[in-house]
Amino acid sequence: MEISKYLSDSARQTIKAAVKEAGGNEVFFTGDITSNGLVESVKIGSRGNSHTVPVNFHDARNTSVLIHNHPSGNLLPSEADLNVAAGASENGCGFYIINNSATEIYVVVEPVLPHVAKKVNEDEAGEYISEGGPLSKISDSFEERPVQVELLKQIVNAFNDDKIAVFEAGTGVGKSYSYLIPSALWALTNREKVIISTGTINLQQQLCEKDVPAVEKIIGKKIKYVLMKGRQNYVCLRRLNDAASILDLFEGEGDELKKIAEWAQSSPTGSRSDLSFMPTENIWSKVNSESDACMGMRCPYHNDCFVMKVRKEAAGANLIIVNHHLLFADIESRLSGAGYDDAAVLPPYRHIIFDEAHGIENAATSFFSESVNRFKINKLVNQMYRHRKNSEAGHLCSLAILSANEEKAGDAFEFTNKIKLALTNVEITAKDLLTNDYTMRLYEGTARNFGPFLVAVGELTRALGAFADLIRIVMEGVSDDDKDAPCYWESKTILRHLDSYVILLKNFPMWDEKKDDVFWIQKKRLPPDMIRDGGDPEYVILTQTPLDISHLMNDGVFEQMSSVVCTSATLKTGRDYSYWMRRTGVTLAGEDRIIKGEFPSPFPYNKNMLFAVPNDAPLPDNIQYQQYIEMALPRLIQAAAGRTLVLFTSYESLKSAHRTVVACMRGFPGRIMKQGDDDNSKLLEAFKKENESVLFATDSFWQGVDIPGESLSQVIIVKLPFTVPNDPVFVARAEAIEKRGGSSFMELSVPEAVIKFRQGIGRLIRRSDDKGVVVVLDRRIYEKRYGSWFIASMPECKKVYEPLSDITDRINSFIFN
Ligand code: SF4
């Protein structure tokens, strides 16, 4: 073997000198190879004696080649060499043995050559959506948007240079083309996959149904793409068939099951969203796909399985469209051991586009939170074992018949009773804590009061753990031949959930050791149709939430991916991105990898948007404030002739204002609706259709609502959207900032509110010809120092700060003249 093909002259000189310095003994080196397979330089890892050298495993894990010398000149590998070489090859790492003068080499394992990506030409990519390019030829209403072209080129650069891009792109930039075209070009050129992750199902549908097919026409190439949902969204044909075989046990729900079975025969996707009706959670949870209940290749329905079909499609796809939640499920499984080279929930990938990236922190926080309540536990326990009127039922009974450990199942009655008793005690002690509050955090300040609750949690942990162990033992007694039985697969899923609840419950008493998590309890009221006669209308939820997801994001996403593009209309607070970048872990990735850019909306806000704040409003902490809102709203609504979305931060305030406004606007031709009157989607449809209607709304309407045209001509923001200080996770995060000497108000409360505020005002102008008014009734925006952050985050437009009566005149003439 010719050593010059493997080691550069300088690497050989370094090796020779290091061996000489070590008295001719063995020296262990690591080296990185270039794309042509040459090691340009080496690093000394350890030194040994004349016949052995310790392997420096820390360096060995992060390198492409391991090298050491044999002073004897016999370069054949010893047994120890072969063992180390085998481990190295699993990581794609090469293993070389050389002589002391670095003139001869024996290659035990060839290294894997680094993959060299082919760059995409940014100018050529930009031409697709420029004047005279393919888009201009196929679109009747084409108008070149320079910001869109620039954004596209910057995204190409992010792919080419392995960057983490943070790009704020205003409404109307047309950002989906700007990322889909580079993603498709990259994927097709390099035969790699690009994941497009979004926050909402609406955007996923728009991408799949409209934008990607349009991009295929623009670039003139076929793109393989797939919309992938979490497996629970797909029907499992095996479970459906098993459930259908015991149809008579589905009291009152048999019809629903029959309809699902009929639909499954002709559905092309098997996805719940394609059903013409919404199945109850109870029925769907019995027939959906579950990872533990999936028999994989052994399943008799494998060839027709919807989950397998979508997985196959994803394996061959260029673009995979997912929501943030599914992406985090994949990241979690990779961080827990699946690694980044093989399929986990998704096929392997190295590039991600996060659209609606302002929602990453919330999506990750919600995904990595764990919570439990009595309904979740009772449901699982009842599925495994029920005892009524001297008869027993449930999967455990079926398992016991197949199990060599059948007698163990005899303890189920006693164990499930213990669980019920312990659950009752947990609820009683939690409600004692929550007499005057709806939420309470477990921390130094409350730990003493939590004593009886934690004792009850300990009892529940033991009872649930014992029941889970019992199921495990009975399952272990089932022979391989009987492991295809439905009860076995169902029990696997239930056991996984029970185990995760046991871990969560075990963590509660260890709250002070788990400083990276927030432990909290919450009291909730059951919906009226679920309250049984004499039953308790309230229940308690126990939750563990990560305090900070930045390290998870850095370890699981930014460190692992070649490129990540994060885009949204609202990433900046004030004049920079530092808040969003800190919260999501981008700042941990290192300055040299990050590129930032702002791509402003092309809409004429200066001409089409009026921003008004009444200067005669009381401040929100004044007791007259609610009264003022209820006086101001009818006048503002009249001025805009309806067409108004009123955004609240509190449902109580909304309900009171709605009552008063409806009462004093009798005779107004438009409907005055409020969130909660109907499904959010139906309310939105009605609001869009009925021009003069008004909608009073809270949280979910601050973002993602798209109402172009005249139906929405006025957005009223009742109060600046600061998070209420009784949200336990928010308070814990604020405390963590204060502890390290920061200001939680300026580092958390204000920037979070600014992002939400920007989302709220972003509802108004959705098309270039939309015109309207944003009214903020909270004059802190002009009178407090932090108000300038909100003002600076707004698009350039006409702003007025004057008495309400002047504002109502202005609104009328602005909208109708
Ligand atoms: S392969 Fe798995 S998900 Fe598909 S039908 Fe069979 S058990 Fe269900």
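The model is predicted, with local features requiring pLDDT of at least 70 and side-chain atom pairs counted only at pLDDT 80 or more, while totals for chains, interfaces and linings use all residues. Residues are numbered from 1 along each chain as its sequence is written, and side-chain values use heavy atoms, with hydrogens and water left out.

The protein is divided into domain 1 (3–109), domain 2 (117–224 + 316–368 + 549–602), domain 3 (232–307), domain 4 (370–545) and domain 5 (605–816). These bounds come from an automatic or database domain assignment. The centres of domain 2 and domain 5, taken over C-alpha atoms, are 30 Å apart. Contact (heavy atoms within 4.5 Å) involves 17 residues of domain 2 and 17 residues of domain 5. Interface size is often given as the accessible area lost when the parts come together. Between domain 2 and domain 5, about 1500 Å² is buried, with carbon and sulfur atoms giving 50%. This buried area is the accessible area (1.4 Å probe) lost by two parts on being put together, summed over both. On the domain 2 side, Thr-171, Thr-570 and Tyr-579 lose the most area to domain 5, together 33% of what that side buries.

Rings of Phe, Tyr and Trp (its six-membered ring) pair if their centres lie within 6.5 Å; planes under 30 degrees apart count as stacked, over 60 as edge-to-face and the rest as tilted. The count by this rule is 18 aromatic pairs. Phe-367 and Phe-368 have ring centres 4.9 Å apart and planes at 90°, so they pair edge-to-face. Both Phe-367 and Phe-368 are buried (under 20% relative accessible area; exposed is over 50%, partly exposed in between; 1.4 Å probe, protein chains only). Tyr-488 and Trp-489 are also edge-to-face, because their ring centres lie 6.3 Å apart with planes at 80°. Tyr-488 is buried at 12% relative accessible area, and Trp-489 is buried at 5%. One aromatic cluster is formed by Phe-722, Phe-745, Phe-757, Tyr-786 and Phe-790.

Charges also sit over rings (NZ of Lys or CZ of Arg within 6 Å of the ring centre and within 35 degrees of the ring normal). The charged end of Lys-259 lies over the ring of Phe-277, 4.8 Å from its centre. Arg-441 is placed over the face of Tyr-443, 3.9 Å from the ring centre.

Helix H15 spans residues 374–384. Helices (H or I, at least four residues) are DSSP runs, numbered from the N terminus. Its buried residues are Arg-374, Ile-377, Leu-380, Val-381, Gln-383 and Met-384. Asn-373 caps the N-terminal end of H15, with a side-chain oxygen 2.9 Å from the backbone nitrogen of Phe-375.

Conventions:
Helices (H or I, at least four residues) and strands (E, at least two) are DSSP runs, numbered from the N terminus. A polar contact is a pair of N or O atoms within 3.5 Å; within protein, one must be able to donate a hydrogen and the other to accept it, and residues adjacent in sequence count only if both atoms are side-chain atoms.
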